[in-house]
Amino acid sequence: MGKFNGTLTGTTTRKRVLAAAASVAAAAGALAFAPTAAQAETTGDHCVYDLVTEELTCADSPEAALAANAEGLQADTVLVRMYDSVNYGGATHTLSVPGAYTCSAAYTPVEFTITNMGSFTNKASSVHTYHSCDVKLFDNASATGTSSTWIDNLANLDSISGGWSDRASSYQIS
């Protein structure tokens, strides 16, 4: 798996996710290990960023990237998927955690902050969220500058106030 060329904050939440992931692995009774960094693909139009390992895995389809990112027997939970085209098309940037996870469905506290979107900066044109998560986009890195409203699912980011297609440099998940 390649190292994500962005940045994540939210250590307390990360520890909670790690604890939950360990519980799921223990309950499964067996754990197969994911490919080593040397074995993982980091090229392709569809990438998955794992919030726990802070690594990026890319492939030729969203499903293949998610499968390559999976932690052994443990399925990943997708929280957010951004697309570089309207109507949920084109290349994708997916945010996942190993095991089961559901957002709090409240806007505070913020559960995760992606402070730098790396190669997907200024490319998102549509977004789909899962498991009660919402996303807020920011103009600048480190979740600073002008921000969008909280978004659940939106097929065209230009349709919200301020027009957010190809504009986001960082985001928060709540």
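I'll start with two cysteines: Cys103 and Cys133 are both buried. Buried here means under 20% relative accessible area, exposed means over 50%, and partly exposed is in between, with a 1.4 Å probe and protein chains only. Before going on, the basis: this is a predicted model, in which local features need pLDDT of at least 70 and side-chain atom pairs count only at pLDDT 80 or more, while totals for chains, interfaces and linings use all residues. Residues are numbered from 1 along each chain as its sequence is written, and side-chain values use heavy atoms, with hydrogens and water left out.

Helices (H or I, at least four residues) and strands (E, at least two) are DSSP runs, numbered from the N terminus.

Back to the cysteines. How many disulfides does a search of the whole structure find? Two, where a disulfide is a pair of cysteine sulfur atoms within 2.5 Å. Counting bonded cysteines along the chain, the pattern is 1-2, 3-4.

One of the disulfides links Cys103 to Cys133, with an S to S distance of 1.9 Å. The torsion about that S-S bond is about 80°, so the disulfide is right-handed. Cys103 sits in the loop between E6 and strand E7 (112-116), and Cys133 in the loop between strand E8 (126-129) and strand E9 (135-140), so the bond ties together parts that are 30 residues apart in sequence.

The other pair is Cys47 and Cys58, with sulfur atoms 2.0 Å apart. The link of Cys47 and Cys58 is right-handed too, with 105° about the S-S bond. Cys47 belongs to strand E3 and Cys58 to strand E4, so this pair ties together parts that are 11 residues apart in sequence. Cys47 and Cys58 are both buried.

Next, a residue that touches the Cys103 and Cys133 pair. Ser174 is in the segment after strand E12 (170-173). Its relative accessibility is 1%, which is why Ser174 counts as buried. Ser174 touches both Cys103 and Cys133, and its other partners include Tyr107, Pro109, Asp134 and Trp150, leaving out residues up to four places away in sequence. Contact means heavy atoms within 4.5 Å. The side chain of Ser174 also reaches the backbone oxygen of Pro109 at 3.4 Å.

Now the helix. H2 covers residues 62-69, and Asn69 lies in it. Is Asn69 buried or exposed? Asn69 counts as buried because its relative accessibility is 0%. Its side chain makes a polar contact of 3.4 Å with the side chain of Thr57. A polar contact is a pair of N or O atoms within 3.5 Å; within protein, one must be able to donate a hydrogen and the other to accept it, and residues adjacent in sequence count only if both atoms are side-chain atoms.

E6 runs parallel to E3, joined by five bridges, and Tyr49 stands opposite Leu95 in E6. Two strands pair if DSSP finds at least two bridges between them. With E5, E6 pairs in the antiparallel sense over eight bridges, and there Met82 stands opposite His93 in E6. E5 and E6 form a hairpin with three residues between them, and Asn87 in the turn has a positive phi of about 60°.

Last, the core. A nonpolar core is a set of buried Ala, Val, Leu, Ile, Met, Phe, Trp, Tyr and Cys residues joined through side-chain atoms within 4.5 Å. The largest has 29 residues, and Met82, Leu137 and Tyr171 have the most contacts inside it. At least two residues of this core come from each of E3, E4, E5, E6, E7, E9 and E12. E5 supplies the largest share, three residues. Neighbours within four places aside, Tyr171 is in contact with residues including Met82, His93, Leu95, Phe112 and Leu137.
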